Each structure stands twice: as structure tokens, then as C-alpha cells.
Amino acid sequence: MLTVHGDIRSGNCLKVKWMLDLLGRDYQWVEVDIMSGGSRTPEFLQLNPFGQVPILVREDGRTLAQSNAILLHLAEGTAWIPDGAWERAKMLEWLFWEQYSHEPYVAVARFQRVYAGKTADDVEPRLIERGNIALSRMETALAGPEWLAGGEGATLADLALVAYTRVADEGGFDLGIYPNVQGWISRTEAAFGIT
């Protein structure tokens with residue numbers, strides 16, 4: 001059986017859980033409380049020297065870190081990864097962008113507000129500025145196509161980006177000014193069975 005070590009409060013962990021549930025895979029979830037240093041213990045660092053969640057442990061003992069790498073591994077051979085080389089590359093473009101230009105701002109602002117207890121005035125202004133730039137980029141990209149990679153259906157790009165976008169308001173972002181993003185959130189949640 002697959003094992004996932006993750007913190008259920010993390011969007012990066014949730015997207016792995018959502019994919020496993022969608023695929024109907026049997027797995028064991030091992031909760032790791034990152035707030036109390038659970039990902040920094042010697043035992044955890046043996047599984048993942050990066051000290052991050054999630055980590056997937058396969059039946060044969062091999063481990064895989066980084067949520068989007070795990071998604072790609074789990075979804076291999078499914079419709080969530082486009083067949084065409086160009087379409088697949090566009091999906092990957094969004095997956096890489098998510099971890100570099102979206103998650104470090106939208107997710108970190110949410111973390112500071114929800115888990116670190118900071119007020120709106122205490123959140124670093126650059127996080128809000130860069131998070132709004134990311135949300136604006138998504139708003140523009142979704143002005144015509146229904147899905148981020150531009151194809152006919154949802155891909156892993158949509159799953160990866162919805163994890164933190166759907167709760168961006170918790171970090172102080174006004175999703176009301178992004179109607180295309182709001183519509184996409186609803187479509188993506190429906191496509192992946194996210195409640």
C-alpha cells in the first residue's frame with residue numbers, strides 16, 4: 001500500500017490526497033504536524049532529506065517528494081496528463097509556475113494569517129502584491145479557455161493551482177475581483193470531486 005506523509009492543512013498535501021482519492025487508490029495517510037517540527041525529526045529526514053511534506057512512500061519503499069512530481073507519478077496514463085507534447089508542455093509550464101510564482105505568495109500569506117496568527121497589517125506587503133500579480137495572471141489566462149493549459153479538459157495544472165487559490169481569501173486576497181478565477185475554481189472542484 002502507498003503511504004503519504006503530509007499535513008492535512010497544506011494545499012500541497014491536499015492535492016496529492018485529492019488525486020489518490022479520485023483514482024481510488026488504497027493508501028495510508030501519516031499526519032505530520034509541520035507546526036511542531038514533525039518534518040524535521042531524524043526519522044522524517046531519513047524519508048525526505050528536504051524536510052518537506054508531502055512525501056510518497058511506494059510499496060517497494062522508494063520515496064518521492066514534491067507535490068507536483070507526486071501528482072505526475074500518480075496520474076501517469078490518465079486523462080489528467082494530456083497526450084499531445086504541446087498540451088503536456090503547457091500543463092508542465094503551469095505546474096512549474098505554481099511552485100515559483102503562486103504558492104510562495106498566496107500560500108505563505110494564508111499561512112501567516114491562519115496559522116501564524118498575523119493580522120492583515122502584519123502580513124508582509126510583498127506577499128499580497130505578488131499574490132495579486134499571480135491571481136491576475138490566472139484571471140487573464142482564463143479569459144477565454146476554461147482550463148489553465150488551454151485544452152478541452154482539466155489537467156494536473158488545474159488541480160495543482162486550485163489547492164491554494166480556492167482558499168486565497170484566507171490569506172487576505174479578494175477573489176471577488178477575479179471572476180474568471182472564481183468560475184474556474186468551481187469547474188476545477190467539480191472536475192476533481194473536491195468538496
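Guide: Lys17 is partly exposed, with a relative accessible area of 23%. In this predicted model, the Lys17 side chain meets that of Asp21 in a salt bridge, 2.9 Å from N to O. Asp21 is partly exposed too, at 40% relative accessible area. Both residues lie in helix α1, four residues apart, or about one turn of the helix.

Helix α1 also holds Lys15, which pairs with Glu98 in helix α4. Lys15 and Glu98 are both buried.

Lys90 and Glu93 have their closest N and O atoms 2.6 Å apart. They sit three residues apart in α4, about one helical turn. Lys90 is partly exposed at 23% relative accessible area, and Glu93 is partly exposed at 40%.

The structure holds nine salt bridges. Asp7, Arg9 and Asp33 are linked in a network of them.

Now the nonpolar side. The largest nonpolar core has 50 residues, and Met19 is among those with the most contacts inside it. Helices α1 and α4 each give two or more residues to this core. Beyond its close sequence neighbours, Met19 is in contact with residues including Leu71, Trp80, Leu156 and Phe192. A second, separate core has six residues, among them Cys13 and Phe44.

Methods
Residues are numbered from 1 along each chain as its sequence is written. This is a predicted model: local features need pLDDT of at least 70, side-chain atom pairs count only at pLDDT 80 or more; totals for chains, interfaces and linings use all residues. Side-chain values use heavy atoms; hydrogens and water are left out. A nonpolar core is a set of buried Ala, Val, Leu, Ile, Met, Phe, Trp, Tyr and Cys residues joined through side-chain atoms within 4.5 Å. Buried means under 20% relative accessible area, exposed over 50%, partly exposed in between (1.4 Å probe, protein chains only). Contact means heavy atoms within 4.5 Å. A salt bridge is a side-chain nitrogen of Lys or Arg within 4 Å of a carboxyl oxygen of Asp or Glu. Lists of a residue's contacts leave out its neighbours within four places in sequence.
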